[in-house]
Amino acid sequence: MMKRLCYIGIATKCSLSSGFTTQTKTTHRLFQTSSTSRMMATSNNLVTIPDAITAHKQNSKHIKFIDGSWHMPVGDNPRNGRAEFTSGPRIPGAFYYDIDDIAPAMGSDDNPKKLPHMKPSSKMFASAMDQMGILPSDTLYVYATNDCAFYHRAYWTLRSCGHDPALVKLVQGSLDEWKECGGELEEGQLGEDDERLFRMSDLGWEEKTPTYQCMSDSENVVVDMDQVLDIVNQKDTADAVIVDARSAGRFVGTAPEPRPGLRGGHMPGALNVPFTDLLDADDKTKFRPMDEVRDIFIKAGISPDASNRKVVCSCGSGVTAAALAIGLEECGLRNKEDITIFDGSWIEWGSSDSTPIVTD
């Protein structure tokens with residue numbers, strides 16, 4: 001029997017006493033269980049708040065912090081990641097990665113279907129990196145504001161569009177925990193002319209040659225609707241399986257879609273892993289322990305014995321699919337190169353009259 005190696009994250013606890021911060025750092029406890037399945041390599045890019053604070057205190061010009069917060073634009077008073085970054089608090093020196101802005105404009109040649117926050121071109125991505133003063137050799141720490149469950153897309157984009165994946169870290173924990181652990185915060189409203197609040201449309205990037213050099217071609221990290229249709233039509237003979245991050249109700253069509261005009265249900269043959277199941281119930285800025293994440297995927301139908309079968313992650317619009325992609329890699333079920341995202345996701349599939357949809 002082969003030995004399967006798993007990692008369990010032990011929760012971080014920070015306490016303040018007599019003006020001093022005592023940090024109990026998250027460690028990773030290695031244990032072995034018997035299994036005939038083969039573990040993939042994990043990235044080990046999930047970092048604790050204490051480790052992130054230690055990195056921030058180095059004041060290194062090659063360590064950059066990025067707020068990747070995003071929220072669903074639904075309801076009477078939805079949260080807005082850019083607005084919250086602008087008003088503060090924020091980590092000193094951090095930039096805001098706006099997944100809606102660093103994306104092909106709706107209706108442009110690169111986005112004729114007017115889909116939201118699609119993956120940017122290499123040139124657009126490099127131009128954004130130049131604007132943030134990021135070099136290919138920099139280590140990036142992506143964090144989120146309190147109770148933000150949607151910052152995984154920013155992390156995924158940075159790793160998938162050309163920055164060295166080993167140099168992009170996902171901070172596990174909230175700004176409240178950052179403060180409790182002695183991390184410095186910047187308060188106050190940013191001015192409209194602050195360079196951290198740039199808009200791609202104001203940069204004239206199309207006419208410029210960026211200096212940032214992307215590490216590699218990023219075209220194979222996403223799939224389009226035609227490719228997903230091929231997977232659906234090939235059924236069990238396909239070399240990939242589709243996993244949907246939406247809630248169970250939306251998956252079977254009993255709960256309404258938050259965006260108007262979309263049909264309910266799911267793609268034939270797709271599996272359902274609601275992305276919220278992978279997150280800590282008490283803190284959405286953290287994943288659950290990775291052995292639990294692995295078990296969730298396996299119970300949903302992602303076989304560890306079919307590691308040659310790729311996984312296509314889908315969701316409502318390509319944001320929470322990133323949480324699935326990260327979880328699959330970090331828990332060791334698949335390698336990064338065997339995981340893709342259907343960038344148009346349900347907003348593209350469910351708005352078409354010609355795509356097959358089932359509700360069972």
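Visitor: Which glycine follows α4, and what is its phi?
Guide: Happy to start there, with the reminder that this is a predicted model. The residue after α4 with a positive phi is glycine 162. Its phi is near 135 degrees.

Visitor: How many of the residues of α4 are buried?
Guide: Buried here means under 20% relative accessible area. The buried residues of α4 include His152, Arg153, Tyr155 and Trp156, with Arg159 and Ser160 also among them. The helix is largely enclosed by the rest of the structure, because the buried count is nine of the nine.

Visitor: Is aspartate 147 buried, partly exposed or exposed?
Guide: Aspartate 147 sits in the loop between β8 and α4. Its phi is positive, about 60 degrees, although the residue is not a glycine. Buried needs a value under 20% and exposed one over 50%. With a relative accessible area of 45%, aspartate 147 is therefore partly exposed.

Visitor: And lysine 235, is that one buried or exposed?
Guide: Lysine 235 belongs to the loop between α6 and β11. This non-glycine residue also has a positive phi, near 55 degrees. The cut-off for exposed is over 50%. Lysine 235 has 64% relative accessibility, so the label is exposed.

Visitor: What is the peptide bond from glycine 88 to proline 89, cis or trans?
Guide: Proline 89 can be found in the loop between α2 and β7. For the bond that runs from glycine 88 to proline 89, omega is near 5 degrees. The bond is cis.

Visitor: Which strands stand at the edges of the open sheet of five strands?
Guide: The sheet has parallel pairing, and its order is β5-β9-β8-β6-β7. Two of these strands have a single partner each, so one side of each is left without a neighbour in the sheet. Those edge strands are β5 (46–48) and β7 (95–96).

Visitor: What angle does the direction of helix α1 make with that of β5?
Guide: Helix α1, residues 49–57, packs on this sheet. The strands touched by α1 are β5, β6, β8 and β9. Relative to β5, the direction of α1 makes an angle of about 85 degrees.

Visitor: Within the sheet, which residue in β9 does valine 142 stand opposite?
Guide: Strands β8 (residues 139–143) and β9 (residues 168–172) run parallel and are joined by three bridges. Across from valine 142, the residue in β9 is leucine 170.

Visitor: Where does leucine 279 find its bridge partner in β14?
Guide: Strand β13 (residues 279–280) runs antiparallel to β14, and two bridges join the pair. The hairpin between β13 and β14 passes through two residues. In β14, leucine 279 has as its bridge partner phenylalanine 287.

Visitor: How many of the five residues of β14 are buried?
Guide: Strand β14 spans residues 283–287 and is mostly covered. Its count of buried residues is four.

Visitor: Are helices α8 and α9 roughly parallel or roughly perpendicular?
Guide: The axes of α8 (residues 290–300) and α9 (residues 321–330) come within 9 Å and cross at roughly 110 degrees. Angles from 65 to 115 degrees count as roughly perpendicular. That value therefore makes α8, relative to α9, roughly perpendicular.

Visitor: How many nonpolar residues are in the contact of α8 with α9?
Guide: The crossing of the two helices is left-handed. Met290, Val293 and Phe297 contribute from α8, while Leu324, Gly327, Leu328 and Glu330 contribute from α9. By class, one residue is polar and one is charged, and the number of nonpolar ones is five.

Visitor: What separates the C-alpha atoms of valine 358 and glycine 253?
Guide: Valine 358 lies in the segment after α10, and at 25% relative accessibility it counts as partly exposed. Beyond its neighbours within four places in sequence, valine 358 is in contact with Phe251, Gly265, His266, Met267 and Pro268. Glycine 253 is 105 residues away along the chain, and the C-alpha separation is 8.4 Å.

Visitor: What share of the contacts with a separation of 6 or more comes from residues 24 or more positions apart?
Guide: The chain holds 10 helices and 16 strands. Of its 360 residues, 53% count as buried. Among contacts with a separation of 6 or more, the share from residues 24 or more positions apart is 78%.

Key: Residues numbered from 1 in each chain as written. Predicted model: local features only at pLDDT ≥ 70, side-chain atom pairs only at ≥ 80, totals over all residues. Heavy atoms only, no water. Axes fitted to C-alpha atoms, helices over the stretch in contact; angles between N-to-C directions. Parallel < 35°, antiparallel > 145°, perpendicular 65-115°, else oblique. Left-handed = near helix turned anticlockwise from the far one by under 90°. Contact = heavy atoms within 4.5 Å. Nonpolar A, V, L, I, M, F, W, Y, C, P; charged D, E, K, R; others polar. Buried < 20%, exposed > 50% of the residue type's maximum accessible area, 1.4 Å probe, protein only. Pairing = 2+ DSSP bridges.
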